[in-house]
Amino acid sequence: MALSEQDTDEQLLLAMAGGEMEAMSAFYRRHETRLYRFLMAKLNDSFVAADLLNEVMLEVWRSAARFAGRSKVTTWMFGIAHNKVLTHWRKLGVREFIEVDDTLADETPTADLEQALSAVKDAERVRAGMQTLSPPHREVLHLVFFEELDYAEIGRILSVPEGTVKSRVYHAKNLLKKQLARAMRSS
């Protein structure tokens, strides 16, 4: 099969299922940056993210023939990545903390998230605010804002109901808003 840059992800998977390394190279080049950013949002560790990137791509290679097409290829790939992160955390004995203590007082001004984000032009502040969030909150905001996935796709990636995704997004936005407001007050 002659490959080109116009080949769809599905065509590349089909070629990978047939053992074509060129298809794997094209798929890797197409998705490595996006997948690495996703893993960094989840792990906040460049070395582990790089290792897991390779593990995910190896799993994509091994599983290419089993891709059933019930979701987008990227949704399937991010699902694999999410599971690799969970496996990594289990090996380390880390547990996800997704509960938010709603009894804590909100010390921020009553500006909504969009106003806070537009007021903070410095991308470093946003990145720093994101790093203070728990891994599940960083992950869900990354998938919403940077990958521009809808809640149903994110639910499939994370293996959680769509309502759980909505709740995580809501809480993550509020936590990020608080971090950005604190950063604005201290500057």
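Helices are DSSP runs of H or I with at least four residues, strands are runs of E with at least two, and both are numbered from the N terminus. With that in hand, let us walk through this protein.

The model is predicted, so to speak of a local feature takes a pLDDT of at least 70 and to count a side-chain atom pair takes 80 or more, while totals for chains, interfaces and linings use all residues. Residues are numbered from 1 along each chain as its sequence is written, and side-chain values use heavy atoms, without hydrogens or water.

## The overall picture

The protein has nine helices and zero strands, and from the N terminus on its elements read α-α-α-α-α-α-α-α-α. Of its 187 residues, 42% count as buried (under 20% relative accessible area with a 1.4 Å probe and protein chains only; exposed is over 50%, partly exposed is in between). What about contacts (heavy atoms within 4.5 Å)? Among those between residues at least 6 apart in sequence, 66% join residues at least 24 apart.

## The nonpolar core

Which residues of the largest nonpolar core touch the most other members? Leu 35, Leu 39 and Val 60 do, in a core of 46 residues (buried Ala, Val, Leu, Ile, Met, Phe, Trp, Tyr and Cys joined through side-chain atoms within 4.5 Å). At least two residues of this core come from each of helix H1 (9-17), H2, helix H3 (46-63), H4, H7, helix H8 (151-158) and helix H9 (162-186). H4 gives the largest share, nine residues.

If its neighbours within four places in sequence are left aside, Val 60 is in contact with Leu 13, Met 16, Phe 27, Trp 76, Met 77 and Ile 80. Ile 80 also turns up in another comparison: its C-alpha atom is 9.4 Å from that of Glu 55, although the two residues are 25 apart along the chain. Glu 55 lies in helix H3 and, at 37% relative accessibility, counts as partly exposed.

The structure holds two aromatic pairs. One of them joins Phe 38 and Phe 78, with 4.9 Å between the centres and 55° between the planes, so it counts as tilted (rings of Phe, Tyr and Trp, its six-membered ring, pair if their centres lie within 6.5 Å; planes under 30 degrees apart are stacked, over 60 edge-to-face, the rest tilted). Phe 38 belongs to helix H2 (residues 21-43) and Phe 78 to helix H4 (residues 73-92), so the pair ties together parts that are 40 residues apart in sequence.

## Salt bridges

There are six salt bridges in the structure (a side-chain nitrogen of Lys or Arg within 4 Å of a carboxyl oxygen of Asp or Glu). Three of them are set out here.

| Pair | N to O distance | Where the partners lie | Apart in sequence |
|---|---|---|---|
| Asp 9 and Arg 30 | 2.8 Å | helix H1 and helix H2 | 21 residues |
| Lys 84 and Glu 59 | 4.0 Å | helix H4 and helix H3 | 25 residues |

Lys 72 is partly exposed at 46%, while Glu 153 is buried at 6%. Salt bridges with shared partners also join Glu 59, Arg 66 and Lys 84 into one network.

## A look at helix H7

Helix H7 (residues 135-146) has 12 residues, which at 1.5 Å a residue should span 16 Å (the expected span is 1.5 Å times one less than the number of residues). The end C-alpha atoms of H7 are 15 Å apart, which agrees. H7 is mostly covered, as nine of its 12 residues are buried. Which ones are buried? They are Pro 136, His 137, Arg 138, Glu 139, Val 140, Leu 141, His 142, Leu 143 and Val 144. Following H7 comes Glu 148, whose phi is positive, near 55°.

Notes. Contact = heavy atoms within 4.5 Å.
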